[in-house]
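Here's a quick briefing to read alongside the model. Have the sequence and the 3D view open as you go.

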Amino acid sequence: MSPAVRTLLLGYGHPDRGDDAAGLLVARRLRGALPAGVEVREAFGEGTLLMDSWAGFQRVLVADSVVSGAPPGTVHRLEGRRFAASEEFRSFSSHALGLREAIRLAEALDRLPPELEIVGIEGRRYDPGDPISPEVMEGIGRAAAILAEDLKGSAAARGGERGGG
Amino acid sequence: MSRSRRIKVDVLARVEGEGALHLRLSGDRVTDVKLQIYEPPRFFEAFLRGRSYAEVPDITARICGICPIAYQMSSVHALEKILGISLDPRVRMLRRLIYCGEWIESHALHVFMLHAPDFLEYPDALALARDHPARVKNGLALKKVGNDLMALLGGREIHPVSVCVGGFYRAPSRTELRSIRDPLLRARDLAVETVEWVRTLPFPEFEQDYEFVALSHPEEYPLNEGRLVSSGGLDIAVEDYEEHFAEKQVPHSNALHSVLKARGAYLVGPLARFNLDFDRLPESVKSLARESGLTPPCRNPFKSITVRALETVFACEEALRILDAYEPPPRPRITAEPKAGTGCACTEAPRGILYHRYEIAGDGSVVSAKIVPPTSQNLRRIEEDLRHLALRFADLSDEQLTRRCEQAVRNYDPCISCATHFLKVTLERS
C-alpha cells in the first residue's frame, strides 16, 4: 500500500494586525483535527520562508488573508499560480515579498509543490492591535470546516486510488 | 527655460512595509523631498505598558518579521541592566551566535531579493531570478542557513521563543550545534561568492559627507555591546543616548525622524559599522574587502550592498568561531527578582543600532517603553541623499531618475514596518 499523499496546511499571517491573523487562526483550528499525513504549520514573515516550509510536500494549501473587494469573511479558493497571476487579489502583506511574490518566485526557481492551493479569507482591517473582524472570524470557521472536510475525504480517496492503481 | 518636474513614487516596492517618495524639481533645483511613511507610530510601545517584563522579548519579536532577534536582544539587554543581571560568558556567546543567524538571513534577503535587481535594471527579484536562477537559489540557500541557525537556537525561526531575560530558556548541546557546522561552511562560501558578484555591479558615482554612528567594542565587531561612537567625534555610553539624540515629528510622515542634537542627520547600519569598526573584522574579511576595493572611509551609499555581503561573510565566520569554541553553560538563564528601575540598551540590528529603553515597576510590570529603530534614525539622512542625488542626476529622464531614487532609498534597506509598526490598506476600484 502506497503512503498517503504528503499534505501541508500552512497558515500564513501576522498575529497582531487584525484580520491578517486569519491564516494563522485557520491553521490553529485545524491543528490536531486532521488525518495523519497532513501536517499543519504556521508561517509569519516574508514570503521566501514559505518555499522552505513547503519543500518536500506533494500538496500544499496556504491559508491567508486577502483583499479583493468581496465582503469580509468571504472564503476564496484558488489554485496557486492562478492566485499569483490574478490582478483581482491582493494578498495582504507588510513585507516586500508576500505570498504572491513567493509563488511566482518559486515557479521561476522550480520550487512549487506539485499541487498548491490558496484559501483566502477576505479581510477589512489590518491596524496593529485591531481585533479580528467578526465577519472574518466566521470566515475562518467556514474555511476550517471546508478544509477539514476536503482533507479528511481526500486522504481516504487518495489512499484508495493509489492502492488500486 | 526652467522646467518643473515632479517625481512621485506612490508605493515604494522592495522595501519592508510601505512608503512613498515625493520629489519636486524646478529647473536644476530640488524644491521638495518627502519620504512619506503611511504608518502611524508607537503601537508596540503602548501595547507593552502594563505587561510583565518577562513578556517583552516575545512581544517585541513580533514587531519585525525580518529582525525579531534584534528586538529581543535590545529588549533583554535593557531589562537585564534594570535587574542587575550579568550574563555567563557562554550565554553571551550564544546571543552573538543567534544574532549572526539574523544578520545572515536579513542581509541575504536584502542583497538578492530587494537590492541587486536595481543595479542590474530588473524591475524586481522575479525578473532577476528568471535570468539568473542559480544565483538567486544560492542567495536563498544562504538565507536559509541564517534562518536555520535562528531556529536551532531560538526554537522557532520567526518568533524565536527561547530568548528570555537572563539568557535562554534552553541552551543547545554541542551535538546540536555541530549539526549546523557544515551548512555554515557552505554558507560562508556562498557569502564570499556573493561579495565577488556584487562588487562587480555598476555603482553610481555619488558620495556624501556622512556622520556615521555605530557601536564600538574593544575586541569585537559589534553586535550586543559597546559604546556609541560616530565619525563626528561622538563617544558616549549607551546610557547617554537620549542626551545626544532626539526624535522629531515631521508633518509629512507618521514616522519620527531621529537626529543628533548637535548636528542633525546621521547614518546607522552596515556602512557605519564598516567605517567605524573595520579593524574589528577578522583578517579574512578585511582582505576580502581590500580585494573588493573597499576600505574605510567609504562614503558611497550604493556600496552598502557590498558591505552587507562582507558582513554576511563575517557573520558566517563568527558563527563558526563561536560554534567551535562552544561549551554549554551550566545554567542557560539567570533569574532575578523584579525591581523598579529604568534601563536602556543599543544593539546592532542588521540595519543599524536599535535603541530600547524600559521603565519597570516593583512588580515587574512595564511602566513605559521607548523603541528607536535603525530605519527611523536613517530617515532624515535618506531624504538628504535624495535631495543631493536629484541634483547630481538631474539630467536623467524622469523614469531613470525615479529608478535611481528608489535604488538610493534601498541603500538603507529600510524596514518601514519597524519604523512605524502599522500598515494601511486602501482598495480602489474604478
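This is a predicted model: local features need pLDDT of at least 70, side-chain atom pairs count only at pLDDT 80 or more; totals for chains, interfaces and linings use all residues.

Residues are numbered from 1 along each chain as its sequence is written, chains are lettered from A and ligands numbered from 1 in the order in which they are written, and side-chain values use heavy atoms, with hydrogens and water left out.

**Chain B overall**

- Chain B has 15 helices and 13 strands, taken as DSSP runs numbered from the N terminus (helices H or I, at least four residues; strands E, at least two).
- Of its 430 residues, 61% are buried, meaning under 20% relative accessible area with a 1.4 Å probe, protein chains only.
- Take the contacts in chain B between residues at least 6 apart in sequence: 71% of them link residues at least 24 apart (contact is heavy atoms within 4.5 Å).

**Helices α4 and α12**

- Helix α4 (residues 89–119) of chain B packs on helix α12 (residues 304–324) of chain B at about 155 degrees, axes 8 Å apart; axes are lines fitted to C-alpha atoms over the stretch in contact, and angles run from 0 to 180 degrees between N-to-C directions.
- That angle makes α4(B) roughly antiparallel to α12(B) (over 145 degrees).
- The contact includes Trp103(B) and Phe119(B) from α4(B), and Phe314(B) and Ile322(B) from α12(B).
- Sorted by class, this contact of α4(B) with α12(B) has 14 nonpolar, 4 polar and 5 charged residues. Ala, Val, Leu, Ile, Met, Phe, Trp, Tyr, Cys and Pro count as nonpolar, Asp, Glu, Lys and Arg as charged, and the others, Gly among them, as polar.

**Helices α13 and α14**

- The axes of α13 (residues 374–392) and α14 (residues 398–410) of chain B come within 10 Å and cross at roughly 150 degrees, so α13(B) is roughly antiparallel to α14(B).
- Ile382(B), Leu386(B), Leu389(B) and Ala390(B) of α13(B) meet a set in α14(B) that includes Leu401(B) and Arg404(B).
- The α13(B)–α14(B) contact residues split into 8 nonpolar, no polar and 1 charged.

**Leu140**

- Leu140(B) sits in helix α6 (residues 133–154) of chain B and counts as buried, at 8% relative accessibility.
- Beyond neighbours within four places in sequence, Leu140(B) contacts Thr48(A), Met51(A), Leu105(A), Leu109(A), Arg111(A) and Met113(B).

How values were computed:
Angles under 35 degrees count as roughly parallel, over 145 as roughly antiparallel, 65 to 115 as roughly perpendicular and the rest as oblique. Buried means under 20% relative accessible area, exposed over 50%, partly exposed in between (1.4 Å probe, protein chains only).
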